[in-house]
Structure formats: structure tokens, C-alpha cells
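Q: Could you take me on a close look at one part of this structure, the place where the chains touch, and then show me some of what lies around it?

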Amino acid sequence: MIVRVVLPAHLRTLAHLDGEVKVDVEGPVTQRSVLDTLEADYPMLRGTMRDQVTQQRRAFVRFFACQEDLSHESPDAPLPDAVASGAEPFLIVGAMAGG
Amino acid sequence: MSRVRVLVGTRKGAFVLTADGLRQRWDVSGPHFGGWELYHLKGSPADPNRLYASQSSSWFGQVIQRSNDGGQTWETVGNKLLYEGVTGTHLWSDGTPRPWEFARVWHLEPSLTDPDTVYAGIQDAALFRSSDGGQTWQELTGLRTHKSAPLWQPGAGGMCLHTILLDPSRPDRMFIAISAAGVFRSDDAGKTWRPMNRGLQSEGIPDPTAEVGHCVHRIAMHRSRPDVLFMQKHWDVMRSDDAGESWREISGNLPTDFGFPIDVHAHEPETIYVVPIKSDSEHYLPEGKLRVYRSRTGGNEWEALTKGLPQRDCYVNVLRDSMAVDSLDPCGVYFGTTGGQVYVSPDAGDSWAPIVRDLPSVVSVEVQTLP
């Protein structure tokens with residue numbers, strides 16, 4: 001499945017990307033499978049969205065889609081059909097915070 | 001004519017400042033990695049085109065960057081700095097035990113001889129080494145597992161390993177400093193470590209002369225005399241003439257002996273520089289005056305260097321990794337401030353001029369002298 005992903009500006013710069021990125025996800029489309037594919041395509045993103053060992057989401061990173069905050073969903077829960085079909089992007093967001 | 005390249009890390013990116021040997025007209029490039037914190041950048045003494053940079057953010061964690069062309073282009077390398085084995089605990093500021101937790105790389109120290117070997121000092125304090133140009137990292141566990149480690153605790157900036165000194169005459173000897181644990185020395189390339197804090201006295205800890213627990217802010221050496229070390233401690237400027245085995249105070253006539261950086265003249269091993277800061281609770285300059293103090297006698301007798309520096313209404317700080325010297329003759333001295341200025345003295349401190357005035361808050365300054 002081709003999933004559209006929108007990265008925050010700092011991670012786009014790090015990965016040398018403009019705009020949203022498309023990743024080809026094999027199997028069920030979940031947070032984990034999207035991030036696995038994204039990190040495989042862009043290894044410089046490893047460790048910037050989730051811990052490299054525990055795979056826990058970094059505290060100030062959020063996952064949104066279809067106007068929902070999915071950050072606290074299980075990483076293995078299916079993402080909305082609209083994300084899996086490419087109709088809606090999966091948004092990786094730097095939490096609004098000082099700095 | 002020789003050139004200099006100044007690598008500046010700031011709270012919001014890196015800047016590269018270049019000039020010819022006169023050090024009067026400067027080109028400024030940056031921000032590189034804009035918006036990220038650049039705690040430290042440093043070039044390899046063995047290959048000045050090889051640079052390493054520590055890039056981090058509260059949101060996205062730690063990234064290590066490497067350049068093979070003197071900072072014109074960069075590539076991300078490995079950022080997997082994992083403590084090895086069981087991490088145990090250190091003391092938290094309230095005296096309770098707290099597990100070791102990676103926060104960031106404070107300092108990158110390239111090998112003196114191999115461009116692909118580089119050491120990383122991190123928070124929470126530990127030492128890592130890469131021998132493949134930063135692609136992979138291995139912890140030198142002997143430090144973090146030292147028997148005193150459960151008693152280490154953070155300074156106000158975090159429990160950081162911020163200084164790494166490699167002994168040019170003994171390849172297996174290195175010194176590191178941790179806030180707030182103190183100085184440690186290894187004589188076997190980082191396998192085992194001994195605290196080197198005898199003679200330090202710190203009023204802010206239960207036993208002022210304890211073996212560990214001192215908030216050492218910075219240590220420096222001259223490469224021609226690696227057994228002579230200079231230290232800016234939380235309070236007190238100190239000196240060791242026996243490779244850290246013992247220390248004596250050399251604060252002398254400084255207006256305050258609190259501060260962060262200390263550095264040594266490139267050609268005069270007894271000429272040293274500090275920037276006194278008002279106090280540990282007021283991290284700004286005394287009397288609103290930006291004064292570098294120089295001792296030409298290895299300490300105790302200090303002179304204020306003020307020509308070209310603001311002498312009123314200046315309340316910046318100069319952080320521990322924000323001073324450097326070049327190896328031209330006369331020696332150039334550089335420092336950056338939390339107000340975003342980077343100053344140069346092309347005459348060993350006699351006079352100063354700003355290279356830039358309005359960068360983000362400066363965290364680190366390193367300089368490379370290029371052919």
C-alpha cells in the first residue's frame with residue numbers, strides 16, 4: 001500500500017525531502033509498519049521519531065490522521081482506511097512546545 | 001597564507017566562520033541544521049576536512065553529522081549510542097537514585113591520529129567511541145561502571161561528560177570531566193579509570209574534599225606538556241602538574257573564580273585564559289563588563305583583557321565549550337557568548353573584535369588552523 005506521510009520541517013530537512021513522502025508499506029498499515037518503512041527508506045530518521053531499542057514514540061512527537069490524534073493508539077493498531085488507501089496522509093508532528 | 005575556520009555551535013544551528021591569517025575579514029556560513037541545537041562541532045587533527053557535529057533537539061533526539069569537505073556538505077552517521085549492559089543508577093539532585101538515561105552528546109573529540117576515530121561524551125555521563133567515522137558507537141563501559149558512579153549526580157546543566165582530553169605523548173592516556181563527578185583519567189585507552197580530584201574543594205557537597213562529586217566545568221592542557229592541566233571548577237581555578245594526581249588553586253587575583261571555559265595559549269604553555277562569571281546563582285558577567293582574564297604565569301596573577309570588549313551593560317555568559325585558540329603566530333583566541341556574539345583576538349588577547357554579533361546563543365566554539 002502506498003501511504004502518504006507528512007513529516008515535520010526538521011525531519012524533512014534531515015531526510016532531504018520536500019513536501020510529503022510516499023512509502024510503500026507491505027502488509028497491514030499500522031504506525032509500526034509505516035515507521036518501519038519510513039526508517040528503512042530514510043535511515044537518517046532512525047531514533048528521531050521513536051526510540052531505536054524500545055520503539056516507544058518520542059515524548060514530543062505526535063501522530064495524527066483524519067483529524068484524530070493517534071499518538072496513544074497501539075503501534076500495531078490498523079491506521080484508518082483513508083490513510084491505508086492514500087486518501088489521507090499520516091501526519092508526524094512535533095508537539096507544540098516551547099523552544 | 002594560513003587560514004582559520006571557526007566552528008560555532010548554537011542553540012539554533014551551526015555556523016562556520018572563515019578568515020585568512022590576519023583574522024580581520026570574515027565569511028560567515030550558516031545556519032547549518034537550522035533550528036536544531038548544536039552542542040559541539042570539531043574537526044579531526046589528522047584530517048581537517050573531517051568534521052563531526054552533535055545535532056540534537058528535545059523533539060527529535062540525537063543526530064550525529066559528519067563532513068568530509070570541511071563543512072561544505074554533511075551526512076548523517078550513526079546515532080545509536082546505547083549504554084552497554086545494566087545501567088544501574090546515579091544520584092538525582094534530590095539525593096535519590098535514578099537510572100542512567102541518554103539525553104544528548106555534549107562533546108565530540110576526534111582522535112589525534114585517525115580521522116575515523118572519535119570519542120563522544122554524553123549526558124547522562126558516559127564515554128563512547130567510534131572507529132568507523134561515526135557510523136557505529138561503542139561505550140567504553142569502564143567509566144560508567146566505576147565503583148563511584150552510583151554517587152555521581154547532575155550539575156545544573158545535567159550530568160554531562162563535557163570534556164575529553166587526549167594525551168599526545170601517551171596514546172593510551174586520556175582525561176575526561178563530568179559535572180558533577182569530577183576528573184577521571186585512563187591509562188589504558190579507556191578500559192579503566194581513576195578519579196583525579198585530590199586537592200579539589202567544593203563547598204556544595206557534603207564532604208568538600210570527596211574523591212568524586214566535584215562540579216568540574218572544564219579542563220585544558222597544552223599539547224607540549226600534557227602532565228600540566230588547568231581547570232575551571234564551579235568555583236575555583238585549579239592547576240595540576242602531575243597529570244591530575246593532585247590539584248592546587250590558582251585563582252589568585254581574579255575578581256571571581258566562578259566560570260566555565262579555560263584554555264591555553266597555543267605557543268606559551270603558561271599562558272591561560274578564563275572568563276570570570278559573577279556567581280553560580282547569577283550566570284552573567286560581574287559589573288556588566290565582558291573581561292577575559294589572562295595569566296602569563298600559569299595562574300595566580302591575572303590581567304583583565306578588555307580592549308574591544310563591551311565594558312558596560314553586558315550580562316552574557318560564556319559556556320564551557322565556547323573558547324578556543326588557533327595555532328597561528330600570534331595566537332588567536334576565540335570565544336562565543338550566550339548573547340550570540342563570537343569574538344576573536346588575533347593578538348593573544350591584547351585586543352578583541354566581534355566576528356558576529358547576533359547569532360543564536362552560542363554553546364561551543366572550536367577553531368581549525370588550515371594551511
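**Where the chains touch**

A: Happy to! The contact is made up of 14 residues from chain A and 13 residues from chain B. On the side of chain B that touches chain A, strand S6 (residues 61-67) of chain B gives the largest share, three residues. Sorted by class, that side of chain B has seven polar, five nonpolar and one charged residues. Keep in mind that you are looking at a predicted model. Its scores are ipTM 0.93 and pTM 0.96. For chain B the average pLDDT is 97, and 100% of the residues score at least 70.

Now let's move to another part of chain B, strand S28 (residues 342-345).

Who are the neighbours of S28(B)? One is strand S27 (residues 333-336) of chain B, which pairs with S28(B) in the antiparallel sense over four bridges. Within this pair, B:Ser345 of S28(B) has B:Val333 opposite it. S27(B) and S28(B) form a hairpin, with five residues between the two strands. In the turn you will find B:Gly340, whose phi is positive, at about 90°. Another neighbour is strand S29 (residues 353-356) of chain B, which runs antiparallel to S28(B) and is joined to it by three bridges. Here B:Val344 has B:Ala353 in S29(B) as its bridge partner.

B:Asp94 counts as exposed because it has 7 C-beta neighbours inside 10 Å, and the cut-off for exposed is 12 or fewer. From C-alpha to C-alpha, B:Asp94 is 20 Å from B:Glu211, and the two are 117 residues apart in sequence.

Finally, let's visit chain A and its helix H2 (residues 31-41). The buried residues of this helix are A:Gln31, A:Ser33, A:Val34, A:Leu35 and A:Leu38. What do they pack against? Their partners are strands of chain A: S1 (2-6), S2 (21-24), S3 (61-65) and S5 (90-94).

Note on methods: Residues are numbered from 1 along each chain as its sequence is written. Chains are lettered from A and ligands numbered from 1 in the order in which they are written. This is a predicted model: local features need pLDDT of at least 70, side-chain atom pairs count only at pLDDT 80 or more; totals for chains, interfaces and linings use all residues. Two residues are in contact if their C-beta atoms, placed from the backbone, lie within 7 Å. Ala, Val, Leu, Ile, Met, Phe, Trp, Tyr, Cys and Pro count as nonpolar, Asp, Glu, Lys and Arg as charged, and the others, Gly among them, as polar. A residue is buried if 20 or more other C-beta atoms lie within 10 Å of its own, exposed if 12 or fewer, and partly exposed in between; C-beta atoms are placed from the backbone. Two strands pair if DSSP finds at least two bridges between them. pLDDT is the predictor's confidence in each residue, from 0 to 100.
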